[in-house]
Amino acid sequence: IRNEISDYVSSLNLNINISYLLGSICDESFIKNTFNSQKIDIVFHAAAYKHVPLLEFNPFAAIQNNFLSTYNFIKLIQKFNIEYFCLISSDKAVRPTNIMGATKRLAELGAINLSKNKLKKTKINCVRFGNVINSSGSVLPLFNNQIKNNLPITLTDKRMIRYFMTIEEAANLVLSVYRISKGGEIFLLD
């Protein structure tokens with residue numbers, strides 16, 4: 001990603017400095033140091049545990065990472081008066097039937113609840129994605145592998161309907177939401 005961003009910025013002849021930091025939202029001192037040392041206006045939070053079967057066997061880790069750490073992260077963002085926060089959520093948060101969906105729904109509810117604090121200037125919202133083609137965790141490589149090996153396609157229900165979006169559509173959705181958000185909303189692609 002760093003190389004792609006650097007190549008893109010170079011191709012536009014932009015003179016900007018980009019910092020690449022690796023850390024965890026669970027590490028409060030890292031987050032505080034980052035917010036103190038960097039001029040941050042916007043945060044897009046896309047990190048979460050998303051592997052559904054693995055989270056079914058590790059519910060406490062899922063709750064800790066996807067909900068509690070996210071909730072505490074948003075509170076720090078508000079404390080540092082960051083202008084805008086967007087939680088990248090999941091279509092599995094709608095009437096969740098698994099731990100991953102439930103933790104993402106809890107994260108949404110926590111974000112929306114924190115957005116109601118009118119004493120804080122941070123505008124907070126959520127964007128729900130379904131299946132993003134060629135993203136990590138996309139079901140398409142599984143389906144392609146099953147078809148290639150002449151195996152049945154794994155479906156949880158014969159009535160299951162899956163909707164797919166491209167990476168470009170997903171990115172445009174996130175950026176469009178930034179422009180139209182009033183705060184406290186959950187957006188999804190129509």
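The second largest pocket holds about 1,400 Å³ of space. A pocket here is an open set of points on a 1 Å grid over the protein atoms alone, with protein on both sides within 12 Å along at least five of seven lines. Its volume is the space filled by probe spheres set on the points, which are joined across faces, edges and corners. This is a predicted model: local features need pLDDT of at least 70, side-chain atom pairs count only at pLDDT 80 or more, and totals for chains, interfaces and linings use all residues. Residues are numbered from 1 along each chain as its sequence is written, and side-chain values use heavy atoms, without hydrogens and water.

- The lining has 29 residues, and Ser19, Leu21, Ile42, Val43 and Phe44 are the closest to the centre of the pocket. Lining residues have an atom within 4 Å of a point.
- At least two lining residues come from each of α1 (2-11), α2 (28-37), β1 and α4 (59-79). Helices (H or I, at least four residues) and strands (E, at least two) are DSSP runs, numbered from the N terminus.
- By type, the lining has 19 nonpolar, seven polar and three charged residues. Nonpolar covers Ala, Val, Leu, Ile, Met, Phe, Trp, Tyr, Cys and Pro; charged covers Asp, Glu, Lys and Arg; the others, Gly among them, are polar.

**Sheet**

- An open sheet of four strands runs in the order β1-β2-β3-β6, with parallel pairing. Two strands pair if DSSP finds at least two bridges between them.
- β1 (42-45) and β6 (185-188) are at the edges with a single partner strand each, so one side of each has no neighbour in the sheet.
- From one strand to the next, the twist averages 20 degrees.
- Four bridges pair β1 with β2 (residues 84-90). Phe44 sits opposite Cys86 in β2.
- β2 and β3 are joined by seven bridges. Cys86 faces Asn125 in β3.

- Helix α5 (residues 99-115) lies across β2, β3 (123-129) and β6, at about 155 degrees to β2. Axes are lines fitted to C-alpha atoms, for helices over the stretch in contact, and angles run from 0 to 180 degrees between N-to-C directions.
- Helix α7 (residues 167-180) lies across β1, β2, β3 and β6, at about 155 degrees to β3.

**Leu189**

- Leu189 is in the segment after β6.
- Beyond its neighbours within four places in sequence, Leu189 contacts Arg128, Met165, Glu169 and Leu173. Contact means heavy atoms within 4.5 Å.

Conventions
1 Å grid on protein atoms, 1.4 Å probe; cavity = no way out; pocket = protein on both sides within 12 Å on 5 of 7 lines; lining within 4 Å.
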